[in-house]
Amino acid sequence: MATYLEFIQQNEERDGVRFSWNVWPSSRLEATRMVVPLACLLTPLRERPDLPPVQYEPVLCSRPTCKAVLNPLCQVDYRAKLWACNFCFQRNQFPPAYAGISEVNQPAELMPQFSTIEYIVQRGPQTPLIFLYVVDTCLEEEDLQALKESLQMSLSLLPADALVGLITFGRMIQVHELSCEGISKSYVFRGTKDLTAKQIQDMLGLSRPAVPIQQGRPLQAPEQPVISSRFLQPVHKIDMNLTDLLGELQRDPWPVTQGKRPLRSTGVALSIAVGLLEGTFPNTGARIMLFTGGPPTQGPGMVVGDELKTPIRSWHDIEKDNARFMKKATKHYETLANRTATNGHCIDIYACALDQTGLLEMKCCANLTGGHMVMGDSFNTSLFKQTFQRVFNKGLNGEFRMAFGANLEVKTSRELKIAGAIGPCVSLNVKGPCVSENELGIGGTSQWKICGLDPCTTLAIYFEVVNQHNAPIPQGGRGAVQFVTQYQHSSTQKRIRVTTIARNWADAQSQLQHIEAAFDQEAAAVLMARLGVYRAESEEGPDVLRWLDRQLIRLCQKFGQYNKDDPNSFRLSESFSLYPQFMFHLRRSPFLQVFNNSPDESSYYRHHFARQDLTQSLIMIQPILYAYSFHGPPEPVLLDSSSILPDRILLMDTFFQIVIYLGETIAQWQKAGYQDMPEYENFKHLLQAPLDDAQEILQTRFPMPRYVHTEHGGSQARFLLSKVNPSQTHNNLYAWGQESGAPILTDDVSLQVFMDHLKKLAVSSAA
Amino acid sequence: MLQLLHIPNPSQEWEAFLQVLDHLILHFIMGIMETLTPHMQHLSLVFQSPPPPNNTGPSYPPSSLHSQPASPHTASTSCTTQLANQLNSMQINSYGPSAIQSSHTSSGHPASFQGPQPLPLTQHQMALPPGPQIPPPANNFSGLCAQSSLPNMARQDGIPGSGLPNPNLQQLPGQTPGPGYHPQQGNYGPQMAGSQLSYPGAFPGGPAQLSGPPQKRLDPDSIPSPIQVIENDKSSRGGQIYATNTRGQVPPLVTTDCLIQDQGHASPRYIRCTTYCFPSTSDMAKQARIPLAAVIQPFATVPQNETPLYVVNHGEAGPIRCNRCKAYMCPFMQFIEGGRRYQCGFCNCINDVPPFFFQHLDHIGRRVDHYERPELSLGSYEYVATLDYCRNNKPPNPPAYIFMIDVSYRNINSGLVKLICDELKTLLDKLPREEQEESSAIRVGFVTYNKVLHFFNVKSNLAQPQMMVVSDVGEVFVPLLDGFLVNFQESRSVVNNLLDQIPEMFADTNESETIFAPVIQAGMEALKAAECAGKLFIFHSSLPTAEAPGKLRNRDDKKLLNTDKEKTLFQPQVNSYESLARDCVANGCCVNLFLFPNQYVDIASLGLVTMHTGGTLYKYNNFQLNSDSPQFLTDLRRDIEKKTGFDAIMRVRTSTGFRATDFFGAIYMNNTTDVEMAAVDCDKAVTVEFKHDDKLNEDSGALIQCAVLYTSISGQRRLRIHNIGLNCSTQLADVYKTCETDALINFFAKSAFKAILSQPLKAVREILVSQTAHMLACYRKNCASPSAVSQLILPDAMKVLPVYVNCLLKSSVLTGRPEIPTDERAYHRQLVMSMGVADTQLFFYPQLLPIHNLDLKSDAVPAAVRCSEERLSEGGAFILANGLSMFLWLGVSTPPELIQGLFNVPSFAHISTEATLLPDLANTYSKKIKSIVEHIQNQKPYTMKLMIVKQREQPEMLFRQFLVEDKSIHGGASYVDFLCCVHKEICQLLN
């Protein structure tokens with residue numbers, strides 16, 4: 001048997017699923033004692049170039065409450081042409097089309113290697129993708145120009161038949177009609193008045209007249225295209241028009257007096273965008289792309305007043321309950337986000353400004369709808385330009401890396417129930433026998449809607465073992481989970497991806513070592529982190545940290561090997577060894593620490609943390625540090641201050657930042673210009689190596705990370721110093737002494753101290 | 001003539017009516033005979049009281065016509081026979097007196113104060129041929145002259161016909177006005193003797209009457225004729241110079257053309273008063289019940305040959321004003337103490353003369369710079385205002401014009417939108433500008449709308465216009481700042497591009513619902529945002545039924561007529577229009593409304609904002625592109641080119657003892673003194689009523705100063721000051737002598753039209769009649785020499801008052817008849833409210849010009865004839881105009897050469913009545929008549945659409961309504977009936 005590591009990796013590659021536990025404790029009681037819940041990270045649309053979709057409808061279990069999809073785990077009676085559902089044990093007749101099946105002539109969905117399978121189904125009319133640009137015009141001239149160019153460029157990246165629309169806003173909101181010749185036409189709304197969807201549709205003339213117009217005119221059946229075409233037009237038809245229109249966009253003309261912020265009606269603009277799509281294209285794939293260069297300053301959803309002398313709320317203000325617009329604004333955007341989610345559309349937020357832009361309040365728009373959130377300093381930066389371009393990147397098979405309106409349904413065997421999910425989704429409130437009463441994350445449902453997703457979008461799904469202790473599962477019994485994701489592919493096809501997995505049950509009392517060995521500490525760390533971050537959104541920061549600490553201690557108590565009250569005897573098995581370290585870095589991460597971060601930044605970080613896959617999430621929790629030196633090939637080194645050495649170049653990837661740091665000596669060499677001397681070409685190569693590696697990361701990462709190139713003593717070195725474990729500080733510099741690294745000026749505890757405390761607490765009999 | 005009247009409905013009723021007429025004639029003529037007696041001095045008309053029983057209801061014919069059966073129709077038969085017997089003698093008598101009278105008049109005059117004048121005057125009249133000039137067919141009107149000589153002697157008559165009065169007046173400046181004047185007034189009474197008896201036209205008139213049904217003829221010529229009064233004034237004062245150098249002098253009639261020289265009092269073009277001599281005490285005023293009012297037309301157009309207003313600029317010091325009453329420096333300020341101080345003529349406060357303004361006095365106590373400073377020597381002038389007079393103490397921006405076009409289905413379909421857009425392209429080059437400027441400072445903006453609003457960005461640097469749709473009509477706002485209001489010269493190409501595109505853009509619209517209040521709101525907000533005053537030009541066609549503020553429903557209900565609720569038809573349907581009007585005024589937004597209705601559009605509501613913002617309402621019923629565009633385009637052109645004052649506030653100050661209490665016009669009043677007008681143009685007149693506070697001093701007179709603070713078309717803040725001084729007297733005779741009937745009618749019309757908002761129509765009509773009777777009765781009691789109660793005696797200056805009041809009563813507004821559309825009434829009501837004296841005169845008593853016997857060689861416009869069926873003839877052609885409509889009436893036997901000349905068709909039958917313009921033909925007939933039409937149209941605020949009416953065809957019914965001396969088909973009394981009724985009222989009062 002392969003190692004669990006291989007098993008986990010294989011599973012991940014095939015099914016896009018990583019479970020915290022790969023052998024499941026067989027009773028509720030035992031499961032709760034495992035501390036880390038039984039949960040998984042699911043990447044529903046994980047890229048599978050090797051998986052050809054099948055062109056037929058899935059076969060469903062006939063029990064109305066089940067409707068599980070036929071899968072390799074089902075028992076099949078080839079002669080009787082019957083199959084037994086592995087979830088509800090209902091015996092089902094195969095449909096007539098399956099008349100020819102036999103042991104040797106199996107449909108794909110019965111083959112074990114197709115535990116994940118994708119169906120292409122013909123359902124409903126195919127509508128092209130929709131991209132609705134919502135553009136802030138209260139920008140500096142330069143920014144606006146850059147944004148306009150990006151937008152114009154993006155037109156060439158869109159699928160030719162995609163529909164595009166344009167809404168611009170500043171003090172007022174303009175919905176541009178794109179079909180007009182000779183005169184540019186737009187509908188204007190004031191930014192201070194919230195409008196209901198109905199009002200917006202009436203005002204845009206989208207509501208269909210009750211009585212079909214005059215008698216003389218023959219009734220035109222397809223009225224839909226006529227109506228929608230005013231604001232949403234196929235790119236190929238109007239790209240010239242739209243390019244001109246974008247080119248002519250002017251900064252918001254209303255005067256902004258000294259000491260004031262421009263009046264920016266983001267709230268209403270979004271509301272109109274949502275209302276427009278709601279009225280015209282409900283339940284088809286659509287992206288509302290909001291580009292904003294500052295905080296909303298008027299109307300519903302305003303985040304700050306227009307007086308420059310009142311700064312935008314900080315964490316301090318929020319703690320002091322001093323952010324007067326926050327609650328109302330948040331509520332406004334939440335309502336919008338929920339409406340958008342109901343319609344199956346998603347909202348992207350591209351916020352580029354030096355100050356905050358209200359992401360805190362607007363975050364739910366992206367979070368609930370699976371939209372992107374991008375934060376930058378200016379639209380005139382490569383960070384924004386490339387990130388934006390990357391939205392339209394194509395995957396391995398030449399398809400856009402985006403999908404829409406996904407409906408994720410989870411089915412479990414009867415020993416398991418679904419506790420909830422954390423990710424860019426909303427609950428569909430589908431109750432059922434497999435829904436647990438205890439909620440973790442967004443619970444109370446077995447289905448979620450993910451309006452926008454890409455191959456990386458990853459949800460954390462939490463389960464609860466409900467099997468009672470006194471009803472043991474027979475040896476070799478397996479629990480199964482089926483994930484059914486129906487979605488609109490970027491080619492506008494409707495597709496269904498079905499992943500069915502099974503894991504062994506084990507009695508935690510007799511077979512704990514099996515369970516222990518099958519622990520996926522990386523998945524567990526991310527799953528716990530998601531829970532922590534999820535809680536942090538609604539709870540006080542210290543409470544969350546305490547909860548995390550307690551969980552960690554309990555886990556160590558459960559799985560550590562130690563003598564009571566003897567910290568030095570404490571050992572963790574290999575499958576748990578990294579876990580405390582992850583927790584240590586998680587505690588320090590911006591996902592849980594708001595110090596030094598603005599509320600917007602926190603929201604931004606948390607947004608990405610809640611949707612990235614395991615690898616990226618781990619990078620976010622514990623950044624990766626590579627060292628380049630003459631002493632050997634580039635190597636990953638400890639994220640520790642001791643790694644900062646004068647003759648090293650460090651490359652740190654925190655997901656959000658790529659930092660290249662030249663050690664003191666290297667920096668001096670560089671200043672001295674050795675890299676330009678032919679005899680020191682190797683130095684030139686050394687300098688170049690991290691740049692190349694960084695470039696590689698930059699190429700693939702979405703959103704594009706902030707790229708920092710700094711050196712010892714440089715002001716930007718703080719990015720590195722704040723991340724590394726402060727094993728040497730000004731307090732203990734001389735205690736540790738010797739060869740290594742750079743002291744960090746901090747009072748934060750180091751990993752070593754943390755571990756000491758952990759051991760102490762874990763072994764303590766008092767705990 | 002009466003036969004003609006018969007044609008439409010030769011009913012029994014008519015017979016009865018004729019009988020009554022006969023009856024009246026009888027007594028009338030008897031009255032005249034009495035007047036011949038030399039001692040009857042002041043009387044213009046003497047009327048025996050009708051035999052009481054048979055005259056039943058003449059208490060008030062017009063209203064009673066349908067409500068009370070006991071109207072003139074139903075005279076008792078017994079009386080008829082009696083009357084018939086008397087008839088012959090009357091008629092015979094009627095000629096005689098006139099002959100005698102003419103000599104009488106001339107003999108009477110020399111004694112009078114105007115001694116020098118009357119003699120030549122009468123001669124002049126004889127020479128000047130209103131009556132005789134007219135060839136036989138016109139005999140009908142010869143009767144016009146019947147009363148005509150009466151007026152000549154009094155000042156009221158003083159239309160500068162042959163310049164007689166004027167030379168006299170011009171000499172007056174040398175005299176001190178007060179003392180010189182009074183003795184003359186004292187003499188006044190006796191001089192009147194016999195004046196009313198001159199009948200220059202009586203002789204020719206006779207035969208005509210005989211040609212009618214002989215035994216039933218009455219002599220309409222023997223009752224006072226407005227035409228005669230007008231013609232007399234023309235002949236005595238027309239073409240002369242009228243200098244305003246005397247306090248309380250009565251100016252020529254509005255119908256008289258003369259040159260006015262400002263010599264210290266405002267020209268009558270700016271201010272006309274109901275009387276130029278106020279009674280000294282309020283008791284007197286109450287007794288006479290003559291309204292004391294001034295009709296002020298502050299921006300009236302003055303002819304080229306009269307001096308435009310001087311502009312006084314005191315720089316930063318600003319206008320000089322009395323410290324106490326804030327009156328502006330004017331000729332009424334008396335400089336004392338060697339010129340160091342001055343006494344305010346209004347409140348008598350002594351003020352210091354500002355150092356920069358100091359000047360020495362000459363030997364008669366006048367400043368030596370008197371003639372160099374307009375504010376010391378002229379009645380009207382302007383001041384440049386300082387920042388204190390500006391909104392927010394900031395100099396105003398030049399005003400803006402916003403064109404707001406209804407692009408709903410109807411307007412597109414009728415071609416109206418295209419017409420407007422095409423016209424604007426040329427029209428925008430003609431925006432008004434200051435004399436010295438090269439181009440207009442006025443900016444323009446464009447909005448179209450149906451049930452949403454479309455704003456247009458026409459900024460000059462755009463390649464193509466941008467359209468911005470505002471569909472939030474519930475709370476409308478202006479979607480753009482920059483580029484909405486532009487200078488046409490700079491944005492010409494974009495604007496033209498836009499105007500080309502608008503008709504196409506909406507070519508396939510099927511939107512039929514419209515909004516209205518949000519349109520005004522939008523325009524107002526746009527002006528507010530641009531911080532300027534301006535005018536909206538709204539082209540609208542339907543009842544605004546779309547869901548929006550100011551939404552209206554069709555509430556036209558004929559059942560309300562003649563009930564207490566009738567007034568609601570004239571009130572706005574929803575309150576929002578009132579508050580909108582207030583906001584518009586507060587922001588200097590004037591609303592001009594061009595309406596193109598096919599049906600009821602609720603003008604009472606739609607027009608309200610226009611009314612209160614000093615805007616003009618134009619209405620084109622059932623607009624047809626072919627026939628109605630010339631009229632509409634001319635109106636539009638004229639309105640755009642009009643010189644206008646924006647964001648205006650008018651204040652009327654008076655000398656102590658009386659004050660302005662009531663204001664009528666296209667104005668808004670926020671308090672009791674400030675007359676606010678978002679804009680005021682040359683055609684808008686405000687009628688101001690005065691009441692006594694105290695006794696007025698005969699020496700100092702009654703002084704009025706009207707100051708209008710406004711923003712000029714170039715964006716300069718200015719004050720326009722008009723001053724006028726009136727006399728005061730303890731003698732009622734003086735008051736009556738200086739009355740001006742035209743101004744009185746203007747006042748009566750406006751106050752009545754305002755009153756119908758709060759009172760039942762019937763009450764308003766009764767008040768009008770009773771006030772007329774009261775005024776006349778008071779004269780009779782206090783001024784006329786004793787005579788039999790049965791005589792109708794009219795003061796000379798008011799002798800046409802009854803006919804005018806009757807016209808007013810017959811106006812559609814005061815006639816609650818289901819045949820008259822409610823909108824039409826509301827429309828007329830609104831128009832009249834802002835009219836000046838000349839406009840009301842013409843509106844209530846239309847001009848009827850015979851054109852079949854023209855002197856083709858002369859340039860002169862033919863003399864008008866009285867508005868009565870009798871004056872028409874089968875062989876004649878007439879033009880009738882009232883300032884709103886114009887008719888060309890063609891008798892069945894109109895001379896073929898005239899028809900050929902005018903229409904280029906061979907006969908009467910070939911004439912098409914479709915045309916609204918006379919074809920341009922190269923013959924003298926056509927040219928002459930076109931020039932007459934042009935002359936009639938000249939200087940009128942509304943373009944009159946010409947309707948061609950053939951005798952005995954259906955449209956003639958419409959035309960008939962304008963023959964105001966006749967009994968109206970809507971039940972209005974004839975002149976004679978009304979006179980009779982008034983007389984009866986007077987008799988009752990005297991008893």
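Modeller: Start with buried area: the accessible area, taken with a 1.4 Å probe, that two parts lose on being put together, summed over both. Between chain A and chain B about 2,000 Å² is buried, and carbon and sulfur atoms give 54% of that. Ile183(A), Val188(A) and Arg190(A) supply 29% of the area that chain A buries against chain B, more than any other three residues.

Colleague: What kind of model is this, and how are chains and residues labelled?

Modeller: This is a predicted model, where local features need pLDDT of at least 70, side-chain atom pairs count only at pLDDT 80 or more, and totals for chains, interfaces and linings use all residues. Residues are numbered from 1 along each chain as its sequence is written, chains are lettered from A and ligands numbered from 1 in the order in which they are written, and side-chain values use heavy atoms, with hydrogens and water left out.

Colleague: How many residues of each chain are in contact across the interface?

Modeller: Contact means heavy atoms within 4.5 Å. Here 22 residues of chain A are in contact with 24 residues of chain B. The model scores ipTM 0.85 and pTM 0.82.

Colleague: What is the mean pLDDT of chain B?

Modeller: pLDDT is the predictor's confidence in each residue, from 0 to 100. Chain B has a mean of 79, with 78% of its residues at 70 or more. Over residues 1–217 of chain B, pLDDT stays under 50. Where pLDDT is low, the predicted coordinates should not be read in detail.

Colleague: Which domains does chain A have?

Modeller: Domain bounds come from an automatic or database domain assignment. For chain A it gives domain 1 (4–55 + 115–121 + 401–507), domain 2 (130–206 + 229–391), domain 3 (520–622 + 749–766) and domain 4 (623–724).

Colleague: How do I read the pairing of domain 2 and domain 4 of chain A?

Modeller: Take centres, then contacts, then area. The centres of these two domains of chain A, taken over C-alpha atoms, are 38 Å apart. Nine residues of domain 2 of chain A are in contact with nine of domain 4 of chain A. The two bury about 720 Å² between them, 60% of it on carbon and sulfur atoms. On the domain 2 side, Leu383(A), Thr387(A) and Arg390(A) lose the most area, together 63% of what that side buries.

Colleague: Is Arg555(B) buried or exposed?

Modeller: Buried means under 20% relative accessible area, exposed over 50%, partly exposed in between (1.4 Å probe, protein chains only). Arg555(B) counts as buried because its relative accessibility is 12%. Its contacts, not counting residues up to four places away in sequence, include Tyr600(B) and Asp602(B). A polar atom of the Arg555(B) side chain lies 2.9 Å from the backbone oxygen of Thr568(B).

Colleague: Which backbone angle stands out at Phe655(A)?

Modeller: Phi is near 80°, a positive value in a residue other than glycine. Phe655(A) lies in the loop between strand E27 (649–653) and strand E28 (657–662) of chain A. Phe655(A) is buried, at 0% relative accessibility.

Colleague: And what about Asn904(B)?

Modeller: Phi of Asn904(B) is near 60°, again positive in a residue other than glycine. Asn904(B) is partly exposed, with a relative accessible area of 48%.

Key: Polar contact = N/O pair within 3.5 Å; in protein donor to acceptor, adjacent residues only side chain to side chain. Helix = DSSP H or I, 4+ residues; strand = E, 2+ residues; numbered from the N terminus.
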